[in-house]
Amino acid sequence: VAAMTVNGTGPYSNPVVEVSGQDVPSVPRSLMLASGDDATSVVVSWMPPDPPNGIITEYHVQYRRTGTSSYISLSPRNTELTRTITGLTLNAEYEIRVRAFTVIGAGPFVTLTYRTAGPPENVMATVLSPRRIRVTWDPPMTTVTITGYTVVYNAVEITDSGMVPMITNTSTDINGLEEFVTYQITVITEFGGTIGPSNVAVAIRTWSDVPSGPPNTITLVGTDPVMLSVRYERPVRSVRNGALTGYVIRYTRVDTGELQVVNVSGDDITPPAISGLVAYTNYSVEVAAVNINGTGLFSDPVSGLSGQDVPNAPRLLGTVSINSSSVT
């Protein structure tokens, strides 16, 4: 302070410093949310308010699942600028807010939303061949860092399952599958060692193919001089490669090599007997299964005799007179 006369202003006094009173602080600055050590945690960080309007005594961090009414508060830790929220639910959105305090009271909140890891989206499977499927998907809606995906497949009708582990792109081919089998496909997201939720399983059937194995237990019964009954069991499920539409029976007369073929329509394992054979003659028979893709492998040949019959007349009959009362 200086005094004044008509002649001018005198010297100023020594300065005296006084701080104005405190007020509630402004909002914390630069609020940021980052994924924590696993998919169910989030790291919250911020900068002090500017202006602080006083001495900041502590910060309060609160969070709630979007759509719920009550916030959960973390215990205050003075002036720390980073907190970690744990135990969140996967595939959920949260509102997270922070405010600062002075001795006067609490300042306004600053709020951000955070989504925890969800399942992969738009999972699709496409058949490329009887033994190959391509799986594609979109990344889940999440702010969590994704480290990879695992694709799991399980057959419905038979025992066949496996996985393609830890791939970083959003598509993969599954090879070596069984033909004409329904598979359920799921994609699992991984977040730095934490396994996230998987999609609802996608079902897809591989294409059929030519049967890769023959019918089983071929038996022959010569029930008639000119007929031979052929019986067999269907190929095992894993080699049918589709719905069976028929069978091919080929039979060969062993002594002459004459080959004949009989086509059996439908999935009939008790077809009509082969007819038109030569009585008591050895025949070799092979059987193959058929589906819409073609004829599969023939079974190993099985031999059998056609039925017996009354004999033919003796050949080259002749007589020789021995004496007046006998002949040979």
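Select strands β3, β4 and β7 to begin: these 3 strands form an open sheet in the order β3-β4-β7, and the pairing is antiparallel. Here strands are DSSP runs (E, at least two residues) numbered from the N terminus, and two of them pair if DSSP finds at least two bridges between them. At the edges stand β3 (29-35) and β7 (82-85), each with a single partner strand, so one side of each is left without a neighbour in the sheet. Neighbouring strands of this sheet are turned by 20° against each other on average, direction ignored, where the axes are lines fitted to C-alpha atoms and angles run from 0 to 180 degrees between N-to-C directions.

This is a predicted model, in which local features need pLDDT of at least 70 and side-chain atom pairs count only at pLDDT 80 or more, whereas totals for chains, interfaces and linings use all residues. Residues are numbered from 1 along each chain as its sequence is written, and side-chain values use heavy atoms, with hydrogens and water left out.

Now select Trp 46, Tyr 59, Val 61, Arg 77, Asn 78, Glu 80 and Arg 83, which line the largest cavity. A cavity is a set of points, on a 1 Å grid over the protein atoms alone, where a 1.4 Å probe fits but cannot get out, and lining residues have an atom within 4 Å of a point. Its volume is about 30 Å³, taken as the space filled by probe spheres set on the grid points, which are joined across faces, edges and corners. The lining divides into 3 nonpolar, 1 polar and 3 charged residues.

Move on to the open sheet of 3 strands in the order β10-β11-β14, again with antiparallel pairing. Its edge strands are β10 (121-129) and β14 (171-175), each of which pairs on one side only. Strand β11 (residues 132-138) and β14 are joined by 5 bridges in the antiparallel sense, and Ile 133 stands opposite Ile 174 in β14.

Finish at Asp 173, which lies in strand β14. Is Asp 173 buried or partly exposed? Asp 173 is partly exposed, with a relative accessible area of 22%, a class that lies between buried (under 20%) and exposed (over 50%), using a 1.4 Å probe and protein chains only. Not counting residues up to four places away in sequence, Asp 173 touches Leu 128, Arg 132, Ile 133 and Arg 134, contact being heavy atoms within 4.5 Å.

Key: Helices (H or I, at least four residues) and strands (E, at least two) are DSSP runs, numbered from the N terminus. On a 1 Å grid over the protein atoms alone, a cavity is a set of points where a 1.4 Å probe fits but cannot get out, and a pocket is an open set with protein on both sides within 12 Å along at least five of seven lines; lining residues have an atom within 4 Å of a point. Ala, Val, Leu, Ile, Met, Phe, Trp, Tyr, Cys and Pro count as nonpolar, Asp, Glu, Lys and Arg as charged, and the others, Gly among them, as polar.
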